[in-house]
Amino acid sequence: MKQKDFLFNLLILLFLNLLIKPFWLLGVEVKIQNTVGSENFGLFFAVFNFTFLLNTLLDFGLTGFNNKNIAQNTQLLSKHISGILTLKLLLGIIYLFVVLLAGIGIGYDGEQIRILIWLAFNQFLNALILYLRSNIAALLMFKTDSILSVLDKLLMILICGILLKSNVIDQPFQIIWYVYAQTASYLIAAGVALIIVLLKAKIIRLTWNFTFFRAILRKSFPFALLTLLMTIYGRIDSVMIERILPDSIAAYQAGVFASAFRFLDALVMIAYLFSVILLPLFSKMLKCKENLLPIITSAFSLLFFFSVTSAVLLVAYRLPLLTYFYPQIGTESARVFLFIIPCIIPLSMTYIFGTLLTANGSLRILNITSAVAIGVNIAINFTLIPMLEARGAAIASLSTQTSIAIMQFFIAFKLLKIPFSILPYFRCLLYIVLLITSVYFANCYLPVGLLPSLLICSGIALLLAFTTKLIPIKFIVSLFEKA
């Protein structure tokens, strides 16, 4: 794939996700929570997170394995699709059974069990959509995949928007309606994705072959293990806060950490979209022995600009930003924010170089580095949380993410014999210095509010990116040419 094709497809994916998902998160979902009340929404959210804990069992690395495998061997789509779909159904049945037993085991009953069953089914549908999309992305049908990536949220906006209107239904909105809306949206999105994949595979029947199942699960196991290890070192901080600190402050400090971490989660959503395109693209290019350097440099420049700009702006304006969203804990949240938001920089780099290693099949190395990251994270958390509380966990997270990004960077360059000189190190350093200086003066001397200041600083950052040639003008020209 040419560099301008990569940039154009990435732009479409980013545009659609930025258009739909923030509106869903900050508009419709907030409206639902305010309508049903915190207690009812809290019940939904707790059960939802419970069903999410066992997702590794539901997917077992099939999506990641399939994305790489089909991208490199498109002729296997027809052969594999029927068997893997059957395997997904089998894993789904096992998952539903295990989730139900576990829910009963921890004391769920009545309404909780009803919500649990439907949410577990929704998790299965979502995993099915991700698997089907992995085939579409592996075939480099990125525009189609971009539409499918937001289809379920678009449908939920429409369904919930209708249900929230008081003149449509006499009864007040109930949380179970939200669950049903999610089910309907996932079913439609899964149906559309299934039709597209079946048309490409030219196959309409499922096959039951335990030998095939065993072979596929054995091949997908390293992907499942990698997902599990990354989940542990990426999400264990808040758990350790709650477990290590005294009961009198544990829940409060976990809440402070969560308030800052929520912003990082939003930034990661954007950076993750790069890997959605890069994994099948890298896999295909490695198989065909194509030149990776233009795609690596393009992805690096764009993600470096996004991550550094986001980190500098949010850290500079952290106090007014957090006191606006969290009036009661904003000041303390800002202290955690100072260390948790810069995590977007190393995380963004892992979405390039970790994805490159995944495409290369270097799962053993990635699993080893992830295991090391867990050890580093736990050790720092045990040391710092008793002294610094939530800030200690934020420092542990930043240290862990930075360590694994550096390891993956050097391993990828050495293993794939990529020259270190391809990256614009001086331009990156110059951009950082100029950006921090500009944001400092804007923060001190601009007589405007928070939102105008952020918009002005974002414009300055984009101008600096072009001036320093961190983002060459040819990127923009190529996009217009492609359009």
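Asp 152 and Lys 153 join their side chains in a salt bridge, with 3.4 Å from N to O. In this predicted model, a search of the whole structure returns 1 salt bridge. Both partners, Asp 152 and Lys 153, are buried.

The largest nonpolar core holds 148 residues, and the members that touch the most others are Phe 257, Leu 264, Ile 340, Ile 341, Phe 353 and Tyr 431. Helix H10 (residues 247-287) supplies the largest share of this core, 21 residues. For Leu 264, leaving aside residues up to four places away in sequence, the contacts are Ile 340, Ile 341, Cys 343, Ile 344 and Leu 347. A second core of 5 residues is separate, and its members include Leu 229, Tyr 233, Ala 373 and Ile 404.

Aromatic rings give another view of the packing. A pair of aromatic rings is described by the distance of the centres and the angle of the planes. There are 16 aromatic pairs in the structure. One of them is formed by Trp 118 and Tyr 180: the ring centres lie 5.2 Å apart and the planes stand at 75 degrees, so this pair is edge-to-face. Because Trp 118 belongs to helix H6 (residues 111-138) and Tyr 180 to helix H8 (residues 175-201), the pair ties together parts that are 62 residues apart in sequence. Trp 118 has a relative accessible area of 31% and is therefore partly exposed. Tyr 180, at 32% relative accessibility, is also partly exposed.

Phe 409 and Phe 413 form an aromatic pair of the tilted kind, with 4.5 Å from centre to centre and 40 degrees between the planes. These two residues are 4 residues apart in helix H16 (residues 390-415), so about one helical turn separates them. Phe 409 and Phe 413 are both buried. Ring pairs also place them in a cluster with Phe 353, Phe 410 and Phe 420. Of these, Phe 353 was named above among the residues of the largest core that touch the most other members.

Together with Ile 406 and Tyr 425, Phe 410 and Phe 420 make a nonpolar surface patch of about 400 Å². What is the relative accessibility of Tyr 425? The value is 41%, so Tyr 425 counts as partly exposed. Tyr 425 is located in helix H17 (residues 425-445).

Notes:
Residues are numbered from 1 along each chain as its sequence is written. This is a predicted model: local features need pLDDT of at least 70, side-chain atom pairs count only at pLDDT 80 or more; totals for chains, interfaces and linings use all residues. Side-chain values use heavy atoms; hydrogens and water are left out. Patches are made of residues with over 30% relative accessible area and no salt bridge: like charges are joined within 9 Å, nonpolar side chains (Val, Leu, Ile, Met, Phe, Trp, Tyr) within 5 Å. Accessible areas come from the Shrake-Rupley method with a 1.4 Å probe; for residues, only the protein chains shown count as cover. A salt bridge is a side-chain nitrogen of Lys or Arg within 4 Å of a carboxyl oxygen of Asp or Glu. Buried means under 20% relative accessible area, exposed over 50%, partly exposed in between (1.4 Å probe, protein chains only). Rings of Phe, Tyr and Trp (its six-membered ring) pair if their centres lie within 6.5 Å; planes under 30 degrees apart count as stacked, over 60 as edge-to-face and the rest as tilted. A nonpolar core is a set of buried Ala, Val, Leu, Ile, Met, Phe, Trp, Tyr and Cys residues joined through side-chain atoms within 4.5 Å. Contact means heavy atoms within 4.5 Å.
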